[in-house]
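These are my notebook entries on a single model. I record what I looked up, in the order in which I looked.

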Amino acid sequence: MAAAMTRKEQKAEYANFKSILLAELDRINASEECDIHRAFVHETARVFSSTASGFSLTDGKNEWGIDFCRADAPIFTIAQCKCPQRPDIEESDRPRSYDREALEDLLTGITYVRDVENTYPGATLDLKQFKNSYHESLREWKKETRLQAALAIFGELTPQADNYFKNQRNTLEKDGVE
């Protein structure tokens, strides 16, 4: 069993990770001309979309807590990404802590996708198509259809948010959300 890292080792590991990720976000920033959050969404989406079809980047207005989605029936994936502003990253020697509010956007996205009453007006065309495909798949392959939800954060959850996440995950898994 490996020994737990010391605070000094944790700081060094975070500094190394931070420099690698910031370099990648700078590369994306240069080619996409976007802010750091959008660059983080792009990088996270790249990881998720490397082998999948049916991928849509939805970050922006009327996205209902979904920064990107992937429809590969019967598996449907949504993601919410959180990234601090660049000065906050550069000036800190430890990851930013996110509270349960970070999870609320993802929960809104889950609710949007599963909503059969269409009570969420103004969603983007990509999200409407994703949602329609999900519900069509549910009608045709109820047992096989899965909704996967991911929260990608450049940071860590507070202990309270982590507990909230675990409780929500347990509840949602019983309802077919992974």
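Entry 1, packing around Ile89. I began with Ile89 and set aside its neighbours within four places in sequence; the contacts that remain are Tyr14, Lys18, Leu22, Ile36, Cys83, Pro84 and Phe154. I note at the outset that the model is predicted.

I then looked up the core to which Ile89 belongs. The largest nonpolar core holds 19 residues, and Phe40, Ile89 and Phe154 have the most contacts inside it. Two or more residues each come from helix 1 (7–32), helix 2 (36–49), strand 3 (75–82) and strand 5. Apart from this core I found another, of 18 residues, which includes Phe76, Leu103, Ile110 and Tyr112. As a general remark, nonpolar side chains in soluble globular proteins tend to be buried together.

I checked the length of helix 1 against expectation. Its 26 residues should span 38 Å at 1.5 Å a residue, and the end C-alpha atoms lie 36 Å apart, which agrees. I listed the buried residues of helix 1 as Tyr14, Lys18, Leu21, Leu22, Leu25 and Ile28. Just after helix 1, I noted a positive phi of about 50 degrees at Glu33.

I located Ala149 in strand 5 (residues 146–153). Is Ala149 buried or partly exposed? Its relative accessibility is 24%, so I count Ala149 as partly exposed. Beyond its neighbours within four places in sequence, Ala149 is in contact with Ile78, Leu106, Ile110, Val177 and Glu178. I also looked up the separation of Ala149 from Leu25: the two are 124 residues apart along the chain, and their C-alpha atoms are separated by 23 Å.

My count of disulfides is zero. Cys81 is in no disulfide, the nearest cysteine sulfur being that of Cys83, 9.1 Å away. I record Cys81 as buried because its relative accessibility is 0%. Cys83, at 9%, also counts as buried.

A search of the whole structure gave me eleven salt bridges. I looked up several of them individually.

Lys82 pairs with Asp105, with the closest N and O atoms 2.5 Å apart. This pair links distant parts of the chain, since Lys82 is in strand 3 and Asp105 is in helix 4 (residues 101–114), 23 residues apart. I record Lys82 as buried at 17% relative accessibility, and Asp105 as partly exposed at 30%.

Lys131 forms a salt bridge with Asp115, the closest N and O atoms being 3.6 Å apart. Lys131 lies in helix 5 (residues 125–140) and Asp115 in the loop between helix 4 and helix 5, so the pair ties together parts that are 16 residues apart in sequence. I found both Lys131 and Asp115 to be buried.

Asp162 and Lys166 form a further bridge, with the closest N and O atoms 3.0 Å apart. Both lie in helix 6 (residues 159–174), four residues apart, about one turn of the helix. Asp162 is partly exposed at 25% relative accessibility, and Lys166 is partly exposed at 35%.

Lastly, I noted a network of salt bridges that links Asp26, Arg86 and Glu90.

Methods: Residues numbered from 1 in each chain as written. Predicted model: local features only at pLDDT ≥ 70, side-chain atom pairs only at ≥ 80, totals over all residues. Heavy atoms only, no water. Buried < 20%, exposed > 50% of the residue type's maximum accessible area, 1.4 Å probe, protein only. Contact = heavy atoms within 4.5 Å. Core = buried A, V, L, I, M, F, W, Y, C linked by side-chain atoms within 4.5 Å. Disulfide = S-S within 2.5 Å. Expected span 1.5 Å × (residues − 1). Salt bridge = Lys/Arg side-chain N within 4 Å of Asp/Glu carboxyl O.
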